[in-house]
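Subject: Structure for you to look at

Hello,

Here is the structure I said I would hand over. Please open it next to this message and follow along.

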Amino acid sequence: MNKLMIIDDEKNIRVGLKTMIEREYPGVYEIVTAGNGAEGLELFRQEPADIIITDIRMPVMDGMALLAQLSAETGSGEGPAVVILSGYDDFEYAKSAIRHRVRDYLLKPIRRDELFGILERVAQERREQEVSAKRLTQEAEGVRRELRISRLRTLLLQEEVLPERDLLEELRGWAVPFTVGVMNVYYSDGTRMRAEEVLGLAERLTGPLDQRFMEVLTDWEGKLVLIGSSRQAFLELAGQAEARNHEGLLIGISRECLEPESLRSCYKEACRALHYLFLHPQVNLLDYGDVAEGRRSFSFPEEELRKLLNMLGTDREKEMKSLLGEIFQTEHLKQLDLSYLEAVGRGINERVLDEVFRVHGEASVEVLKLYRTVGNMYNYRYFHDYYRALEQLLISVNDYILGVRSAHTEHSAMKEALAYIEAYYSRPLNMAMVSNHVSLNYSYFSEAFKAYTGESFVPYLKKVRIRHAKRLLVDGRCKLAGVSEAVGFENSKQFTRVFKELEGISPGEYRVKMLLEK
């Protein structure tokens with residue numbers, strides 16, 4: 001309720017104003033009255049008023065002296081809204097009181113509509129000031145929170161960073177023990193939901209997170225980090241996700257943390273627990289305490305990776321899949337130490353796939369795109385998703401190497417075929433003889449020959465024969481019939497037709513032309 005003070009040495013004015021205001025605004029104002037400035041000042045000191053309506057001319061302390069004292073005591077801070085009462089003769093005098101933060105003035109006799117208009121304006125101004133102050137407070141709080149979150153994020157990120165003193169004091173205000181949780185949400189295709197969407201989903205499941213957890217922030221990878229005093233809040237969130245069939249929501253939580261200084265180590269535990277969910281498709285929450293000990297590990301499979309590299313390009317898909325299972329120890333999967341799987345994943349990237357592309361060059365865009373995704377197993381929701389993608393990648397790489405080797409073999413065969421044609425063009429030669437010489441299927445040889453030379457076998461052979469014929473014609477020692485026979489044509493008529501088809505003139509015309517140009 002707003003407090004309003006009426007100061008006037010005339011009782012009937014005090015009572016009249018009080019009655020008018022209470023009748024028009026029942027329950028809005030708590031109204032007190034005073035007979036002069038000194039009495040009003042004492043009341044204000046005891047309990048400040050929001051609005052003061054005061055006369056100018058009064059005994060003991062007049063209105064102007066009261067305003068001067070109020071200005072001195074409230075300083076530049078938010079003082080009361082002052083409305084002065086004056087007679088017509090005091091009008092100019094009243095206007096000079098503006099310097100004392102007077103909001104308005106009323107002329108006697110007082111009119112109801114003017115009084116109520118002033119009160120409405122003052123009320124509106126105060127509402128606007130309150131909204132503005134609230135907004136500024138919220139903005140300041142937002143800035144403080146962002147700063148704190150940024151410092152917390154830095155603390156989680158950097159190994160050697162110690163909490164700043166004021167941040168540490170804030171952290172010591174947390175309830176202990178506390179638990180750190182890290183949450184991701186995956187879509188059905190294995191891609192991760194953005195942090196703001198994760199936050200929205202979590203709040204739809206359990207309500208505002210800042211009411212259930214001490215801190216809510218995202219790390220630099222976009223995971224949602226929750227710090228809570230109760231493990232029950234994490235269990236309820238996971239339970240709600242399961243009840244509403246949000247299978248992609250996964251939470252890893254740390255063991256109970258006993259001091260704020262251990263925040264980073266607790267965060268790392270939560271991240272590790274989240275990683276271990278990679279091995280548990282039917283679970284959406286995992287406690288680091290349940291996976292910290294008793295995990296199995298094996299020696300790095302150096303020899304098996306070498307064998308896998310050798311198998312690629314040999315079209316032994318079944319054996320390759322079996323070897324991959326041995327490398328990843330899939331029969332012990334749920335008991336495995338993640339460090340072993342991570343080392344094996346890196347080993348396959350560096351010692352198998354990178355080596356393939358180093359030796360054979362870059363594969364197709366599709367293969368390389370799959371490789372970039374498979375390069376990090378945590379790009380997948382669960383291990384079996386990663387494993388299937390890796391199998392598919394290895395099959396694609398196998399096909400790629402076979403293609404590279406086939407192209408190399410084909411290239412060598414074509415070079416040999418052209419050399420054979422060059423050596424035996426003068427004989428009755430056909431494509432069956434050449435394909436048989438290089439041990440390639442007739443139909444396959446036909447396609448490969450055209451792809452390699454840019455033309456079919458018969459036109460190519462004609463050009464080889466005519467090229468050698470032109471050399472003999474220029475030499476001049478061989479008759480036209482002899483030239484035809486020497487380059488493999490059945491008769492002179494066929495030779496002349498083919499020569500004119502390719503050169504535009506007959507063999508005889510070509511000989512004369514070349515002799516004249518000597």
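In which loop does Pro 109 lie? Pro 109 is in the loop between β5 (102–107) and α5 (112–157). The helices (H or I, at least four residues) and strands (E, at least two) are DSSP runs, numbered from the N terminus.

Before going on, note that this is a predicted model, in which local features need pLDDT of at least 70 and side-chain atom pairs count only at pLDDT 80 or more, while totals for chains, interfaces and linings use all residues. Residues are numbered from 1 along each chain as its sequence is written, and side-chain values use heavy atoms, with hydrogens and water left out.

Backbone

Most residues other than glycine have a negative phi, and most peptide bonds are trans. Some places in this model depart from that.

The peptide bond joining Lys 108 and Pro 109 is cis, with omega about -5°.

Asn 245 is not a glycine, yet it has a positive phi of about 60°. Asn 245 sits in the loop between α8 and β9 (249–253). With a relative accessible area of 62%, Asn 245 is exposed. For accessibility, buried means under 20% relative accessible area, exposed means over 50%, and partly exposed is in between (1.4 Å probe, protein chains only).

Gln 329 also has a positive phi, about 55°, and is not a glycine. Its place is the loop between α11 and α12. Gln 329 is buried, at 18% relative accessible area.

Cysteines

A disulfide is a pair of cysteine sulfur atoms within 2.5 Å. The count by this rule is one disulfide. The bond joins Cys 257 to Cys 266, with 1.9 Å from S to S. Cys 257 has 1% relative accessibility and therefore counts as buried, and Cys 266 is buried too, at 5%.

Cys 271 is buried, at 12% relative accessibility. Cys 478, with a relative accessible area of 23%, is partly exposed.

Nonpolar cores

A nonpolar core is a set of buried Ala, Val, Leu, Ile, Met, Phe, Trp, Tyr and Cys residues joined through side-chain atoms within 4.5 Å. The largest one has 67 residues, and Phe 328 and Leu 341 have the most contacts inside it. Helix α14 (residues 383–424) gives the largest share of this core, 11 residues.

Which residues does Leu 341 touch, not counting residues up to four places away in sequence? They are Leu 279, Phe 328, Leu 333, Leu 336, Met 377 and Phe 383. Contact here means heavy atoms within 4.5 Å.

There is also a second, separate core of 29 residues, which includes Met 414, Tyr 420, Phe 457 and Leu 472.

Helix packing

Axes are lines fitted to C-alpha atoms, for helices over the stretch in contact, and angles run from 0 to 180 degrees between N-to-C directions. Angles under 35 degrees count as roughly parallel, over 145 as roughly antiparallel, 65 to 115 as roughly perpendicular, and the rest as oblique.

Helix α11 (residues 317–328) and helix α12 (residues 338–360) cross at roughly 135°, and their axes come within 10 Å. This makes α11 oblique to α12. On the α11 side the contact is made by Leu 324, Ile 327 and Phe 328, and on the α12 side by Tyr 340, Leu 341, Val 344, Gly 345 and Ile 348. By class, this contact has seven nonpolar, one polar and no charged residues. Ala, Val, Leu, Ile, Met, Phe, Trp, Tyr, Cys and Pro count as nonpolar, Asp, Glu, Lys and Arg as charged, and the others, Gly among them, as polar.

Helix α7 (residues 195–206) packs against helix α8 (residues 231–243) at about 90°, with the axes 9 Å apart. That makes α7 roughly perpendicular to α8. Ala 202, Leu 205 and Thr 206 of α7 meet Glu 236, Leu 237, Gln 240 and Ala 241 of α8. Four residues of this contact are nonpolar, two polar and one charged.

Two serines

Is Ser 484 buried or exposed? Ser 484 is buried, at 1% relative accessible area, and lies in helix α18 (residues 480–486). Ser 439, in the loop between α15 (431–437) and α16 (442–453), is exposed at 65%.

Regards
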